[in-house]
Amino acid sequence: MENQTVTTTLPRIGEKAPAFKAVTTQGPIDFPKQYEGSWVILFSHPADFTPVCTSEFMTFATLEPKFDELNCKLVGLSVDGLYSHIAWLRTIKEKIAYKGMKDVEVKFPLIEDITMDVAKAYGMIQPGESNTKAVRAVFIIDPKGIIRAMIYYPLSMGRNFDELLRAVQALKAADEFSVATPADWRPGDDVIVPTAGSCGVAKDRMDGKEAGVTCHDWFFCTKKIDKDAVLKAIVRK
Ligand code: BEZ
């Protein structure tokens, strides 16, 4: 199997998330339809009962309330079967203590994908890494079912879940305030205003005539948005 060709598609940012129905640890799922109106992170892991994946699930489940505050639901997937998923999540809850986390209950759905149909539709099977396991993929999908960000990690590398939280915050803030967010942006940091559409506006900005806007050059202008204003716009929205 490792040497066979696997046909997979690669979804793209800005496109509708591929639709599917599947079985999960929380019952049937109709994706992304049943998440309309919420943000959702669909993520894959290579295999149940493996250490990196276990550390990831414990971390994600512990952070779930913070994603919930952002109206962002979590949905996991691997190409294992439902009973493996159930047994693994039970083991995590009953037996694993790690980095101060214990008794961790994974409440978000974990999709069984033994046919690999969903994994292939989302480009999670990457044969250079493995033909038989999903890589660690992350799709951030908006309330209209549009893919807004994608990140892929190899099998050996556990994800940074603070970064995923930051990514959802940044996407929501960019939508709410019609701005972009600079490197390492966190709520309360300055945001980037859209580049001026005319020389006149660019000049006014450079001359300091646009209230609250600071320019590093004509194409790179920032403004402050208070942390409280950002959180008010993105939390429980
Ligand atoms: C892990 O989660 O530890 C793992 C899974 C598949 C390949 C390598 C590591």
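How many salt bridges does the count come to?

Author: The count comes to eleven salt bridges. The rule is a side-chain nitrogen of Lys or Arg within 4 Å of a carboxyl oxygen of Asp or Glu. In general, side chains of opposite charge can pair when their charged atoms come close.

Some ground rules come before the details. This is a predicted model, where local features need pLDDT of at least 70 and side-chain atom pairs count only at pLDDT 80 or more, while totals for chains, interfaces and linings use all residues. Residues are numbered from 1 along each chain as its sequence is written, and side-chain values use heavy atoms, with hydrogens and water left out.

Now the setting. The chain has six helices and ten strands. These are DSSP runs numbered from the N terminus: helices are H or I with at least four residues, strands are E with at least two. The C-alpha trace spans about 65 × 40 × 30 Å along its principal axes. Of the 237 residues, 46% count as buried. Buried means under 20% relative accessible area, exposed over 50%, and partly exposed in between (1.4 Å probe, protein chains only).

Start with the network. Salt bridges link Glu 56, Arg 136 and Arg 159. Arg 136 sits in strand S6. Arg 136 is buried, because its relative accessible area is 2%.

S6 (residues 136-141) pairs with strand S7 (residues 147-153) in the antiparallel sense, over six bridges. Two strands pair if DSSP finds at least two bridges between them. Phe 139 has Met 150 in S7 as its bridge partner. S6 and S7 form a hairpin with five residues between them. Gly 145, in the turn, has a positive phi of about 80°.

Arg 136 leads on to the ligand. Pro 46, Thr 50, Pro 51, Val 52, Cys 53, Arg 136 and Leu 155 surround the ligand, each with a heavy atom within 4 Å of it. Helix H1 (residues 51-69) supplies the largest share of this shell, three residues. A backbone N or O atom of Val 52 lies 2.7 Å from an oxygen atom of the ligand. For Cys 53 that distance is 2.9 Å. For Pro 51 it is 3.3 Å. The protein covers 78% of the 260 Å² of accessible area that the ligand has on its own. Areas come from the Shrake-Rupley method with a 1.4 Å probe; for residues, only the protein chains shown count as cover.

Other pairs follow. Arg 166 and Glu 163 form a salt bridge, their closest N and O atoms 2.7 Å apart. They are three residues apart in helix H4, so about one helical turn separates them. Arg 166 is buried, at 15% relative accessible area. Glu 163 is partly exposed, at 27%.

Arg 12 and Glu 15 meet through their side chains in a salt bridge of 3.1 Å, N to O. Arg 12 is exposed, with 54% relative accessible area. Glu 15 is partly exposed, with 34%.

Asp 207 pairs with Lys 203 in a salt bridge of 2.8 Å, N to O. Asp 207 counts as partly exposed because its relative accessibility is 42%.

Finally, a nonpolar surface feature. Met 206, Trp 218, Phe 219 and Phe 220 form a nonpolar patch with about 430 Å² of accessible area together. Patch residues have over 30% relative accessible area and no salt bridge; like charges are joined within 9 Å, nonpolar side chains (Val, Leu, Ile, Met, Phe, Trp, Tyr) within 5 Å. Phe 220 lies in strand S10. Phe 220 is partly exposed, at 35% relative accessibility.

Conventions. A polar contact is a pair of N or O atoms within 3.5 Å; within protein, one must be able to donate a hydrogen and the other to accept it, and residues adjacent in sequence count only if both atoms are side-chain atoms.
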